[in-house]
Amino acid sequence: MSRPYHHALKSGASVENFNISRTLGVGGFGITYQAYDEHLERDVALKEYFPSSLALRADDGLSINPREPDDRANYEYGLERFLDEAKTLAKFDHPNIVRVTQFLKRNNTAYLVMNYEQGESLQLQLKKQVTIDQHRLIEIVMDLFRGLQVVHYKQFLHRDIKPGNILICGDGRPVLLDFGSARQAVQDREMTAIITPGYAPFEQYFGKQNQGAWTDLYAIGATMFHCLTGLKPTPALDRMNQLKQGQDDPVVKVIDYANLSCSRELVDFMLALMAPEVEARPQSAADALAICQQIKDKLQAQGGGEIDWDPQFLQAVEQVLRDKQVVNAHELVEQAKVHAHSVNGMANELAANMSSDEDRTEFMEKTQLLTRVVEPEEEHSYADATADLPLYEILRRTETLLASIIGPTAREQVAAVARKAETREDFYRQILGRLGDPGSKREFIAGVRVFDRSIDL
């Protein structure tokens, strides 16, 4: 069910031969709808240019006008950039890139008509399950590299790859969305700085810096980091500043402290994609795809693609699903045992069927307790076997996590709370109380669960 948004077109409104069904998503510069094409008798995705800071919906419920006369020049400039996006996407025909089939100017604005794909964003999946199994993640990024090969071959860059711009379709296929930041790499040398902190590399902060395929590859690496750790990466500008001051790389510190369970080769590949220096990264999507294929082949050769699931474990998991009123529990478990490559992978996949965050968390905990599965041993595993972390490790890991959310004041905050807290749970809760933003609180809770799963926040 889509959330109501007062500026969005109402259900039943029409734009030419497209009838609005519901709002799919809202961004700073556009609103995307599910609509029905009466001519072709099919569902489409319709993206409307609507820069919320510059425009208002007119009384007729359709037209869009600048908020103030002084906003008109910026509104018109943005409208032309929006149509540039349509012309960019119309050049691509690839299963992992959103497909634009038409664009039109109406109601003092413009619309992109795209293929409608059922699914949910990778960002939404991460909110539900915190992390992504390494085997599934490899499949996702390999498909994205294939799509980027087409984009880069035509001399374009995406420049805003992040979990929110990756749609995971019902068939599991990732589709790269929102090319609003795309620029033609050869013709547009004076590229403006369009930044999503954490996913944009250092060179993207400066319009005249050297940008290329390696710029998009950094964003893929940052997305992998989020998928493996459950945390947003430290912004590249902060990373570079800390490195110049002789401090440790905060991204590497998170990896060192986090309780990850994935191959060393995959982590090293991710860190290579996220190298602060352009020259240290793979230089093309083809290069990155080849490395990823080698990692996948090695995992499969080690037996990472098969698990001997204990029938009693599967029955117990199925019963937990039934207790949570999940329909088709047996079918869901049967599907998950084929797709999942670890207990955590199965739990993540099945938890997506829960109706609330509380149910999902409880299910994840019960699944870990029920585990009697025989998993393949990985020689290079980051799994932390320590159940009870010593105090100094809790403080170090919490400081690293908090720094990725609020920045360099994290050390002072952790030290101040540690002096007053009576218990470990009290320590975490006091820090939560200092985070005013609900999104920051959710991010902190998810991060704590990565390295200290015994605490219920």
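With which residue does Glu318 form a salt bridge, and how far apart are the closest N and O atoms?

Analyst: The model is a predicted one. In it, Glu318 pairs with Arg322 in a salt bridge, and the closest N and O atoms lie 2.4 Å apart. Both residues belong to helix α9 (residues 311-323), where a spacing of 4 residues separates Glu318 and Arg322 by about one helical turn. An α-helix has 3.6 residues a turn, so residues three or four places apart point the same way.

One of the others joins Arg173 and Glu117, at 3.1 Å from N to O. Arg173 lies in the loop between β11 (166-169) and β12 (174-176), and Glu117 in the loop between β8 (109-115) and β9 (119-121), so this pair ties together parts that are 56 residues apart in sequence. Glu117 is partly exposed, with a relative accessibility of 28%.

A further salt bridge links Lys105 to Glu80, with 3.9 Å between the closest N and O atoms. Lys105 is in strand β7 (residues 100-106) and Glu80 in helix α1 (residues 72-89), so the contact ties together parts that are 25 residues apart in sequence. Both partners are partly exposed: the relative accessible area is 44% for Lys105 and 33% for Glu80.

Strand β7 leads on to the sheet. Six strands form an open, antiparallel sheet in the order β1-β2-β3-β4-β8-β7. β1 (14-15) and β7 stand at its edges with a single partner strand each, so one side of each is left without a neighbour in the sheet. β1 pairs with strand β2 (residues 18-26) in the antiparallel sense over 2 bridges, and the bridge partner of Val15 in β2 is Phe18. Helix α1 packs on this sheet, touching β4 (42-49), β7 and β8, and its direction makes about 20° with that of β8.

At 1.5 Å a residue, the 17 residues of α4 (residues 213-229) should span 24 Å, and the end C-alpha atoms are 25 Å apart, which agrees. The helix is mostly covered, with 17 of its 17 residues buried. Just after α4, Gly230 takes a positive phi of about 80°.

Conventions: Residues are numbered from 1 along each chain as its sequence is written. This is a predicted model: local features need pLDDT of at least 70, side-chain atom pairs count only at pLDDT 80 or more; totals for chains, interfaces and linings use all residues. Side-chain values use heavy atoms; hydrogens and water are left out. The expected span of a helix is 1.5 Å times one less than its number of residues. Buried means under 20% relative accessible area, exposed over 50%, partly exposed in between (1.4 Å probe, protein chains only). A salt bridge is a side-chain nitrogen of Lys or Arg within 4 Å of a carboxyl oxygen of Asp or Glu. Two strands pair if DSSP finds at least two bridges between them. Contact means heavy atoms within 4.5 Å. Axes are lines fitted to C-alpha atoms, for helices over the stretch in contact, and angles run from 0 to 180 degrees between N-to-C directions.
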